[in-house]
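Open the model in a viewer and keep the selection panel at hand. The stops below go from a strand, through a core, to a helix.

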Amino acid sequence: MSREREEAMAVMQHETTIAEAADRLSKELPRHRVEILQGRLTVTPPADGEHALTLSWLTERFFEAGAKKAGLRYLQGIGIWLPTGPTDYAVPDFALVSKDFLGFKGRNNCYSPEVFRLIVEVTSSNWSDDLGPKVDSYAKADVPFYVIADRRHDEVVVCRDPRNGTYRLRTSHKRGTSITVPEYVGVTLELPVDLLLDGDQE
């Protein structure tokens, strides 16, 4: 490769913003999840069957609990803008949002944090993001209730009560127990840890 071509490519790479790179990867890698977390571009491969079963089960549980009648919507793979950086955004596995969320749409099909009541992440190869940067980012976005089905460590982590950019409460829950979705989220229900980790396999 000639020196001139190398210099031209370097200029092109330098001029490409992280947001442009994220847009390009989203188009080039269908079914992959592309996010920008605290200024860092991340790409997660498609999820496995247990992961998908958990999300399907969550949808059924929130339907049965009357979330829609309570003025909420339960969605998979909807983007949330994050206040941790000018281009930061995440695409949670599962979210409970206000019914008027469509009026809060921004760039990249992402929505304002204010419409999010609950977020659930089921860990895959990106487990360290779910347990690290996303905890910090969702707290700064004032997401009231964040649940991590931590399949790597075989437990469920719950983060709640965000204040001044930090979750004040973080608890771990083992198999054989359940977590309670609190009333302030908009709907109350029990979520067994085993089903959050494995999905409904029956």
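Which residue in S9 does Leu 118 stand opposite? Select both strands: Leu 118 faces Phe 145 in S9. This is a predicted model, in which local features need pLDDT of at least 70 and side-chain atom pairs count only at pLDDT 80 or more, while totals for chains, interfaces and linings use all residues. Residues are numbered from 1 along each chain as its sequence is written, and side-chain values use heavy atoms, with hydrogens and water left out.

**Strand S8**

Stay on S8, residues 116-122. Helices (H or I, at least four residues) and strands (E, at least two) are DSSP runs, numbered from the N terminus. Six of the seven residues of S8 are buried, so the strand is largely enclosed by the rest of the structure. Buried means under 20% relative accessible area, exposed over 50%, and partly exposed in between (1.4 Å probe, protein chains only).

S9 (residues 145-150) runs parallel to S8, joined by five bridges. S6 (residues 94-98) pairs with S8 in the antiparallel sense over four bridges, and Ala 95 stands opposite Ile 119 there.

**The cores**

Next, select Leu 58, Phe 62, Leu 96, Leu 118 and Leu 196, which touch the most other members of the largest nonpolar core, a set of 26 residues. Helix H3 (residues 49-64) gives the largest share of this core, four residues. Such a core is a set of buried Ala, Val, Leu, Ile, Met, Phe, Trp, Tyr and Cys residues joined through side-chain atoms within 4.5 Å. A second, separate core has 23 residues, including Phe 101, Tyr 138, Ala 141 and Tyr 167.

Centre on Leu 96. Leaving aside neighbours within four places in sequence, its contacts (heavy atoms within 4.5 Å) include Phe 62, Leu 72, Tyr 74, Phe 116, Leu 118 and Val 187.

**Helix H3**

Move to H3 and colour its buried residues: His 51, Thr 54, Leu 55, Trp 57, Leu 58 and Phe 62. They cover an arc of only 165 degrees around the axis, which puts them on the same side of H3; the arc is that of the directions from the helix axis to the C-beta atoms. On the other side of H3, Phe 63 and Glu 64 are exposed.

What do the buried residues of H3 pack against? Their partners are S3 (72-76), S6, S8, S12 (178-181), S13 (189-192) and helix H6 (193-198).

Finish just after H3, at Gly 66, which takes a positive phi of about 80 degrees.

Notes: Two strands pair if DSSP finds at least two bridges between them.
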